[in-house]
Amino acid sequence: YGFEHSLPMCGNANSQLGLLSLFHLSGSVGPFALKVALPCAVVSTVLKYGELDCLRLRDILSQVTFDSTAYGGFSALLGIVVVFRTGQAYTRFWDGCSLTHQMRGDWFDAASSIISFTRLAKASRIQVHKFRHTIIRLFSMLHALSLAELEDDDDEDGDRWAFRLRLIDGSGIDEASIKALKKAECKVELVFHWIQSLVILNTETGILMAPSPILTRAYSELASGMVKFHDCLKIARISVPFPYTQATLLLLVMHLILTPFVMVFETSHPLVSGILAFIQVFILWSLHSIALELENPFGADANDLDVHEMQHDMNNRLLLLLDPIADIQPSLSENYLWDHDVLMDFEKERSMPSFQTIWENLAGDVGQGADEKRIRRNDFQSAKGKFRTTKTSSQVSLKSYLSKSRSVKMESRPTKSFEVDCELGQEVPHTTPTLSPWLQH
């Protein structure tokens, strides 16, 4: 997203605990609350100076009777209203985070089940290869389109940030389908229907050989992900009830107007009057601003979910299903322990080897996937620039992508036996096209 997203709300919690986060302005509610609280503090200070130096103003204020109990009760009631709304906004934000991750998990589970059902396929290897790659591309599209649908409705389709999310070889889908997808109003539902139809059509071709009760599991996970998507859509489309928002804002404005006058009666020094007025107004308007920021977690704002990273993670998981290591069938080695009592004794003695112990005995050229993923994320964080100015800089033209794709295909043309080279399906960072080229043409 950019440097201002280096401390996102949904990012690493440890990065938000340092004192430097106090000076991080992007995504902060401080500037907004400061614009409201600072004028109030200035007015309170000026009024207190006027009371001390201006006899006429002092006479006017002396005729006013003030009861601090009423103001205290009003402030307490307003605090309860604002805190309640902030709590509701946080609940909506956290529900949005949970549902999007559950949606992604359900759809990956469905994709994994469908790919695993092809292990016993009786169709040709070419047919299975094409089916697997089609399914993976459609699931990548499904996830990207769902994030685009959840984005704010203010932008046109071509201007939505989520339509710039990278797809897994989006040009590998035929042009007629891309045109139909662009024309459709319900894009998520259309791709969802395509996946279901593709599964049904290939149950009779010998590609999907799983029994019907087992095949139903893939449909169940696919439908569960769609339910999570519509739950997210409810958060994105249905805002906080207007009467509650209006009443909260009205009470805040009333409190803003009353506070300078109250501080004049309650304090004896102009500086103290300004400071106390600033603190009260700043706290309440900060909470109000937090509610505004959190009530809709979908979009391109600093405090919204990082949809770019979510799509990147989904693509990596989907591409794992095309990796040759996904077709490895684990089996027992020659050194396995078969005696149950021996295994129990080893466990009681806590002498079972760990992953670290086992991996240390492997060849040194075998990298650890978790380390590579951590390095990639650190590089991504350190390479962030200005969000608003570079959010489209990672886009690649369709022409350049197709040219690179053809050159890769020429270098690795399949043999007659068609040994599936899954390395062609791996995602290349910053070069995979997005939905935007097809939405523009």
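Trainee: What share of the 441 residues of the chain counts as buried?
Mentor: The figure is 39% of the 441 residues. Keep in mind that this is a predicted model.

Trainee: How many helices and how many strands are in the chain?
Mentor: The chain has 16 helices and zero strands.

Trainee: And contacts between residues at least 6 apart in sequence: what percentage join residues at least 24 apart?
Mentor: That is 83% of them.

Trainee: Which residues is V29 in contact with, leaving aside neighbours within four places in sequence?
Mentor: S286, S289, I290 and E293. Take I290: V29 and I290 are 261 residues apart in sequence, yet their C-alpha atoms are 6.4 Å apart in space.

Trainee: Switching to helix packing. At what angle do the axes of α3 and α8 cross?
Mentor: Roughly 145°, and the axes come within 10 Å. Here α3 covers residues 68–116 and α8 covers residues 242–266. The crossing is left-handed.

Trainee: Which residues in α3 meet α8?
Mentor: S68, Y71, F74, S75, L78, V81, V82, F84 and R85. On the α8 side, the partners include Y244, L251, M254, H255 and E266.

Trainee: How many nonpolar, polar and charged residues does the contact of α3 with α8 have?
Mentor: Twelve nonpolar, six polar and two charged.

Trainee: Now α5. Which residues in that helix are buried?
Mentor: S177, I178 and L181, in a helix that runs over residues 175–183. They cover an arc of only 100° around the axis, so they lie on the same side of α5.

Trainee: Why would residues three or four places apart point the same way in an α-helix?
Mentor: Because an α-helix has 3.6 residues a turn.

Trainee: Which exposed residues does the face turned away from the buried side of α5 carry?
Mentor: E175, A176, K179 and K183.

Trainee: What about S140, buried or exposed?
Mentor: Buried, because S140 has 0% relative accessibility. S140 is in helix α4, residues 125–150. Setting aside residues up to four places away in sequence, S140 touches R166, L167, I168, Q311, N315 and L318.

Trainee: D169 next. Where is it found, and what is its phi?
Mentor: D169 is in the loop between α4 and α5. Phi of D169 is near 45°, a positive value in a residue other than glycine. Most residues other than glycine have a negative phi. D169 has a relative accessible area of 18%, so D169 is buried.

Trainee: Then what about C40 and C97, buried or exposed?
Mentor: C40 is buried because its relative accessibility is 4%. C97 is buried too, because its relative accessibility is 7%.

Conventions: Residues numbered from 1 in each chain as written. Predicted model: local features only at pLDDT ≥ 70, side-chain atom pairs only at ≥ 80, totals over all residues. Heavy atoms only, no water. Buried < 20%, exposed > 50% of the residue type's maximum accessible area, 1.4 Å probe, protein only. Helix = DSSP H or I, 4+ residues; strand = E, 2+ residues; numbered from the N terminus. Arc of directions from axis to C-beta. Contact = heavy atoms within 4.5 Å. Axes fitted to C-alpha atoms, helices over the stretch in contact; angles between N-to-C directions. Left-handed = near helix turned anticlockwise from the far one by under 90°. Nonpolar A, V, L, I, M, F, W, Y, C, P; charged D, E, K, R; others polar.
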